[in-house]
Amino acid sequence: QVQLVESGGGLVQAGGSLRLSCAASGRTPSAFYTGWFRQTPGKEREFVAGIAWTTGSPYYADSVEGRFTISRDSAKNMVYLQMNSLKPEDTAVYYCEAGRFVDRLPDYWGQGTQVTVSS
């Protein structure tokens with residue numbers, strides 16, 4: 001089992017920045033990809049960004065490429081999502097996740113953190 005706890009959500013104006021953090025505990029996530037999905041009411045969760053735990057290779061959805069940066073601190077079992085140039089359409093609940101695939105079918109989820117971008 002991998003436990004994931006997010007922090008860092010909040011309210012920000014368009015063009016602003018936020019950094020999300022995800023603390024992983026329990027079974028080491030080294031066998032997994034970890035990353036972030038997001039969800040708005042009435043829509044399915046969508047992939048935002050992922051990172052290969054062992055190599056640190058990042059992967060991004062087209063909608064956030066160039067604005068968001070994912071990173072991890074393997075010594076602390078932490079994953080971060082730096083979000084810059086935020087847009088109102090980035091408003092969502094953001095979920096930390098871990099799984100065998102970078103952009104689908106996560107095995108583990110965090111509880112989610114709300115990000116709201118005002119126009």
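In this predicted model, Y60 belongs to strand β6, which covers residues 58-60. Y60 has a relative accessible area of 18%, and since the limit for a buried residue is under 20%, Y60 is classed as buried. Beyond its neighbours within four places in sequence, Y60 is in contact with F47, V48, A49, E65, F68, T69 and I70. Between Y60 and W36, the C-alpha to C-alpha distance is 9.6 Å, with a separation of 24 residues in sequence.

In soluble globular proteins, nonpolar side chains tend to be buried together.

The surroundings of M83 can be listed individually. Not counting residues up to four places away in sequence, M83 touches G16, S17, L18, L20, R67, F68, Y94 and V115. F68 is likewise among the contacts of Y60, and R67 returns below as a partner in a salt bridge with D90.

**The disulfide**

The structure has one disulfide, formed between C22 and C96 with an S to S distance of 2.0 Å. A disulfide is a covalent bond between the sulfur atoms of two cysteines. The torsion about the S-S bond of C22 and C96 is about -85°, and the disulfide is therefore left-handed. Because C22 is in strand β3 (residues 18-26) and C96 in strand β9 (residues 92-99), the bond ties together parts that lie 74 residues apart in sequence.

Both C22 and C96 are buried, and for C96 the relative accessibility is 0%. Residues up to four places away in sequence aside, C96 touches L4, E6, C22, G35, W36, Y108, W109 and G110. C96 and G10 are 86 residues apart in sequence, and their C-alpha atoms are 15 Å apart in space.

Two of the residues touched by C96, L4 and E6, belong to the covered face of β1, together with V2. The uncovered face of β1 carries Q3, V5 and S7. In a regular strand the side chains alternate between the two faces of the sheet. β1 pairs with β3 in the antiparallel sense over six bridges, and V2 has G26 of β3 as its bridge partner.

**Charged residues**

The side chain of R38 makes a polar contact of 2.6 Å with the side chain of E46 and another, of 2.9 Å, with the side chain of D90. Apart from residues up to four places away in sequence, R38 touches E44, R45, E46, V48, S63, V64, F68, E89, D90, A92, V93 and Y94.

Side chains of opposite charge can pair when their charged atoms come close. The structure contains five salt bridges, including those tabulated here.

| Salt bridge | Distance, N to O |
|---|---|
| R38 and D90 | 2.9 Å |
| R67 and D90 | 2.7 Å |
| D107 and R100 | 3.0 Å |

The salt bridge of R38 and D90 links distant parts of the chain, R38 being in strand β4 and D90 in the loop between β8 and β9, 52 residues apart. D90 is buried, with a relative accessibility of 0%. The pair of R67 and D90 also connects distant parts of the chain: R67 is in the loop between β6 and β7, and D90 in the loop between β8 and β9, 23 residues away. R67 counts as buried at 11% relative accessibility. Salt bridges link R38, E46, R67 and D90 into a network.

For the salt bridge of D107 and R100, the accessibility values are as follows. D107 is partly exposed, at 32% relative accessibility, and R100 is exposed, with a relative accessible area of 53%.

Conventions: Residues are numbered from 1 along each chain as its sequence is written. This is a predicted model: local features need pLDDT of at least 70, side-chain atom pairs count only at pLDDT 80 or more; totals for chains, interfaces and linings use all residues. Side-chain values use heavy atoms; hydrogens and water are left out. A disulfide is a pair of cysteine sulfur atoms within 2.5 Å. Helices (H or I, at least four residues) and strands (E, at least two) are DSSP runs, numbered from the N terminus. Buried means under 20% relative accessible area, exposed over 50%, partly exposed in between (1.4 Å probe, protein chains only). Contact means heavy atoms within 4.5 Å. A polar contact is a pair of N or O atoms within 3.5 Å; within protein, one must be able to donate a hydrogen and the other to accept it, and residues adjacent in sequence count only if both atoms are side-chain atoms. Two strands pair if DSSP finds at least two bridges between them. A salt bridge is a side-chain nitrogen of Lys or Arg within 4 Å of a carboxyl oxygen of Asp or Glu.
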